[in-house]
Amino acid sequence: MSKRIIKKIAVLGSGVMGSRIALHFAGIGLQVLLLDIVPKDVSEKDPKAARNKIVNDSLQAALKSNPSPSYTKDVVKKVRTGNFEDNLQDIADCDWVIEVVVERLDIKQSLYEKVEKYRKPGTLITSNTSGIPISMLSQGRSEDFRKHFCGTHFFNPPRYLRLLEIIPTPETDPAVIDFLMHYGDLYIGKTTVLAKDTPAFIANRIGVFGMMSIFGLVDKMDLTIDEVDALTGPLIGRPKSATFRTADVVGIDTLVKVAKGVYEHCKEDEKKDVFQIPSWLNTVVENNWLGDKTGQGFFKKQKGSGGEKEIFTLNLKTLTYEPRQKPKFASVDAAKPVDDLKQRLKMLVGAQDKAGEFLRHFHYGLFSYISHRIPEISDEVYRIDDAMMAGFGWEIGAFESWDVLGVEKTTKAMKEAGYEVAPWVDKMIASGQTSFYKIEQGRTQSYDPASGTYKTVPGSNEFIILSNYQDKIVWKNSSCRVYDIGDDVLGIQWNTKMNSIGGDVLQGINKAIELAEKDFKGLVIANEGPNFSAGANVGMIFMFAIEQEYDELDFAIRAFQQTMMRCRYSSVPVVVAPHGLALGGACELSLHSDKVCAAAETYTGLVELGVGLIPGGGGTKEFVVRASDEMHQDEPETITLKNRFLNIATAKVATSAHEAFELGFYRKGLDEIVMNINRRVGEAKKSVIELYDSGYVMPTPRTDIRVLGRNGLGPLYAGVHGMWRANYATDHDVTVAKKLAYVMCGGDLSEQTLVSEQYLLDLEKEAFLSLCGERKTLERIQSVLKGGKPVRN
């Protein structure tokens, strides 16, 4: 088969999903044609703007939505809009046509008939349907159409939810499926899961079962909405929206529609009665309390007793709204301080209070259900886990949770409680296999029910998981682990609260570089969990400052700066692979690396101004270095410095890795965006090898950094004063911003001067220390440590 290249995509249907899918594809650099219907009251003689009103309004609504569906605002330039009557012929030069119109078989088939007139042979044609059997959609179409047709089910919002279910028909060319599985992973950044053409596919089938089973337990155990959401959110590795809040966000009517679809079409499902709609849920839908889309659902914002808007919760017995309650469970109080999710899950499921009983019934029901869905919806256990983690935001898959709780022990307890497992699970246990997953030479293997053996999970070579290398630890301390990840490359990760960077982590980074310089080609710095790192340990800074331990504080800042400089000036390449939050000190770590391989969803910035400090780990210095390198003859020298200054002074955080390039945190032509978060460590490892094999030479410390002195201070001070006069800055903000300006201009110098990095680091440290002595800075830090936002003082 000839090599397939995707340059242009057509998205047919511009509703909530269609417009966001279009923006996501534009975000990865493709040209996109977005089409929709012509408004009913518009004629052929009306102007183009009137005929394209539906598609243009939808696209603008998507652009204004929060969170943003696009990596940067500029991606919309790659989207061209039109309508089905005037522009459908333009799909002729598209490489992939994605249909995202209303969920009606007749409408979809009618559109396909028109598409076939203009679609060139070999073009991919897929549907984003979530409820119509894929095999029914392509009936009546040509052989070439059917051969290149399948389901591609994105989850909303498509930028943030990483699941892409690929659903073939019996007539789909296997090469098309292979291509979409690979393309979705590598270029779109998705966890691509091959699903069978069964009702609700994989994620919605399991996810909606989980929610409906919880609704049953609510009635059975007399639980409230607040209690359930407290027990089914981050506590057990699920999103903050937990159960009922998720229903409000998705749309309660959507949830009911999927549940009814499974009940009606899955006659052989042993748990189909779970999908029956409780009477209270029917009433909620009849009342049009559908969630966010109608302004109320299981939750509602209304004025409380104090006159302020508060969130009220629906009482499922009285169907009236009441003030939210904070549930109290002894087991939850005991488990919350435990950071390790797997240990926390064991504690919670084993607890003997009401919370423990609920979580046991919930997990037992879930485990029973997923075991019986093989081979109905998937032949492999890992596909079900992948779908739930990527589509519903679970931190840990269902089969993996079963492993954590102990397969043999839990299965026995399930049977005693009246929950049956599928025969293949009993067979697995009888053969002496007691887990669904195991690690061999750093690669994840999953149990294959059909053969009774373990098989390597596809992608394991590209998806490097550092914690899989427990037998390759070459050094560790209480927070860090340094691993030999193969091919003469080391990897380091740490496990602290929010992966913050303290003394142990700095020690670990220095030791890892020392080991790499001795026996390896280089070092990858990465972390697991939801975030790379929230930055330096501000608790330690607060403790030293409040106790006026300024020598200790001075030592800590110098240690941080020296570690960053060690990353920059080592004899082997150091590559950082951030994802999620990479703030403050974590951003400084990226700024000092030889290369950054950032996941597309990386949110990075120098945020220290928010707590009344300036970046003290070399971040301020590095922005001055980059501003110096960017200064040109044809523009005022203060422009680039001012832009860099404002990014720090306003604690600007890039909302994507793409925006991090625009803001100057990442370097164009050097740093790299990795669309699939699972590939970032593998790509970082490749970069280490490439840098080393191409003859890596340690950089020379800079002594040629141009600073502007008083020529820069004047304009920056004037800008700060203007923000203060406009009430955008408090008195303390002004104090901090002036300290920042002083450092970034190289101090009170009478003229432009060339200085060294160490000169700037000393200025940076001096300013940082002086701000640690400010009462208002300590108030801001204390507010953050208590879990709130910095006070505006």
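This is a predicted model: local features need pLDDT of at least 70, side-chain atom pairs count only at pLDDT 80 or more; totals for chains, interfaces and linings use all residues.
Trainee: Which side chain makes a polar contact with the side chain of S65?

Mentor: The side chain of R20 does, at 3.2 Å. A polar contact is a pair of N or O atoms within 3.5 Å; within protein, one must be able to donate a hydrogen and the other to accept it, and residues adjacent in sequence count only if both atoms are side-chain atoms. Residues are numbered from 1 along each chain as its sequence is written, and side-chain values use heavy atoms, leaving out hydrogens and water.

Trainee: Why is S65 called buried?

Mentor: Its relative accessible area is 18%. Buried means under 20%, exposed means over 50%, and partly exposed lies in between (1.4 Å probe, protein chains only). So S65 counts as buried. S65 is in the loop between α3 and β3. Helices (H or I, at least four residues) and strands (E, at least two) are DSSP runs, numbered from the N terminus.

Trainee: What makes the peptide bond between N66 and P67 cis?

Mentor: Omega is about 5 degrees there. P67 lies in the loop between α3 (53-64) and β3 (79-83). Another cis bond joins I374 and P375, with omega of about 10 degrees. Most peptide bonds are trans.

Trainee: How do you know that D185 and R679 meet in a salt bridge?

Mentor: Use the rule: a side-chain nitrogen of Lys or Arg within 4 Å of a carboxyl oxygen of Asp or Glu. D185 and R679 have an N to O distance of 2.6 Å. D185 lies in helix α8 (residues 174-186) and R679 in the loop between β23 (672-674) and α28 (680-693), so the pair ties together parts that are 494 residues apart in sequence. D185 is buried at 10%, and R679 is buried at 8%.

Trainee: What makes D95 and K120 a salt bridge?

Mentor: Their N to O distance is 3.8 Å, and the limit is 4 Å. So the pair passes. D95 is buried at 16%, while K120 is partly exposed at 34%. By this rule the count comes to 49 salt bridges.

Trainee: Which residues are linked with R205 and E376 in a network of salt bridges?

Mentor: D269, E270 and R373 join R205 and E376 in that network. R205 and E376 themselves meet at 2.9 Å, N to O. R205 sits in helix α9 (residues 203-221), and E376 in the loop between α16 and α17, 171 residues away. R205 is buried at 0%, but E376 is partly exposed at 28%.

Trainee: Why is Q441 called exposed?

Mentor: Its relative accessibility is 73%, and exposed begins over 50%. So Q441 is exposed. Q441 is found in the loop between β12 (437-440) and β13 (443-448).

Trainee: What is the phi of Q441?

Mentor: It is positive, about 55 degrees, although Q441 is not a glycine. Most residues other than glycine have a negative phi. D488 also has a positive phi, near 65 degrees. D488 is partly exposed, at 43%.
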